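This report describes a single chain, going from one side-chain pair to the chain as a whole and then to particular residues. Please read the text alongside the sequence and the coordinates.

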Amino acid sequence: YAHLAAGLTVGLSSLAAGLAIGIIGDAGVRANAQQPKLFVGMILILIFAEALGLYGLIVGLVVASSADAKGRGLCSSWEV
């Protein structure tokens, strides 16, 4: 189940990062139209939102890489 967990970790963290970037981007563009000095703050928040996806990718890689050694010997043949 470690590969499933790794896939879900990467997928859900990327989904959360994409959702956050979409919401922040929409609100940031509207706010930037009213006050141009908010641009730098918007970019910083977008960078932190993108970090969610990167952290999920790193955790998924760690989980998937540790699953290979633990999965050996689980599938055995029915022959006795």
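With a relative accessible area of 57%, R30 is exposed. The model is a predicted one, and the distances and areas given here should be read with that in mind. The side chain of R30 meets that of D26 in a salt bridge, with 3.1 Å from N to O. D26, for its part, has a relative accessibility of 43% and counts as partly exposed. Both residues belong to helix α1 (residues 2–34), where they stand 4 residues apart, about one turn of the helix. A search of the whole structure finds 1 salt bridge.

## The chain as a whole

The secondary structure amounts to 2 helices and 0 strands. Helix α1 is made of 33 residues and reaches 48 Å from its first C-alpha to its last, which is close to the 48 Å expected at 1.5 Å a residue.

Of the 80 residues of the chain, 15% count as buried. The accessible surface comes to about 6300 Å², and 72% of this area belongs to carbon and sulfur atoms. Where contacts join residues at least 6 apart in sequence, 78% of them link residues at least 24 apart.

## Contacts between the helices

In α1, the buried residues are A6, S13, A17, G25 and G28. S13, in helix α1, has a relative accessibility of 14%, and it counts as buried because this value is under 20%. The side chain of S13 reaches the backbone oxygen of T9 at 2.9 Å. With neighbours within four places in sequence left aside, S13 is in contact with L8, L52, G53, G56 and L57.

G56, one of these partners, has its place in helix α2 and is buried, with a relative accessible area of 6%. Although G56 and S13 are 43 residues apart along the chain, their C-alpha atoms are separated by 5.2 Å. When neighbours within four places in sequence are again left aside, G56 is in contact with T9, V10 and S13.

L8, which also lies in helix α1, counts as partly exposed at 47% relative accessibility. L8 and G60 are 52 residues apart in sequence, and from C-alpha to C-alpha they are 8.2 Å apart in space.

The accessibility values of individual residues are gathered in the following table.

| Residue | Relative accessible area | Class |
|---|---|---|
| R30 | 57% | exposed |
| L8 | 47% | partly exposed |
| D26 | 43% | partly exposed |
| F39 | 40% | partly exposed |
| S13 | 14% | buried |
| G56 | 6% | buried |

Which residues make the nonpolar surface patch of about 600 Å²? The patch is made by F39, V40, I43, L44, I47 and F48.

Terms used:
Residues are numbered from 1 along each chain as its sequence is written. This is a predicted model: local features need pLDDT of at least 70, side-chain atom pairs count only at pLDDT 80 or more; totals for chains, interfaces and linings use all residues. Side-chain values use heavy atoms; hydrogens and water are left out. Patches are made of residues with over 30% relative accessible area and no salt bridge: like charges are joined within 9 Å, nonpolar side chains (Val, Leu, Ile, Met, Phe, Trp, Tyr) within 5 Å. Accessible areas come from the Shrake-Rupley method with a 1.4 Å probe; for residues, only the protein chains shown count as cover. A salt bridge is a side-chain nitrogen of Lys or Arg within 4 Å of a carboxyl oxygen of Asp or Glu. Buried means under 20% relative accessible area, exposed over 50%, partly exposed in between (1.4 Å probe, protein chains only). Contact means heavy atoms within 4.5 Å. The expected span of a helix is 1.5 Å times one less than its number of residues. A polar contact is a pair of N or O atoms within 3.5 Å; within protein, one must be able to donate a hydrogen and the other to accept it, and residues adjacent in sequence count only if both atoms are side-chain atoms.
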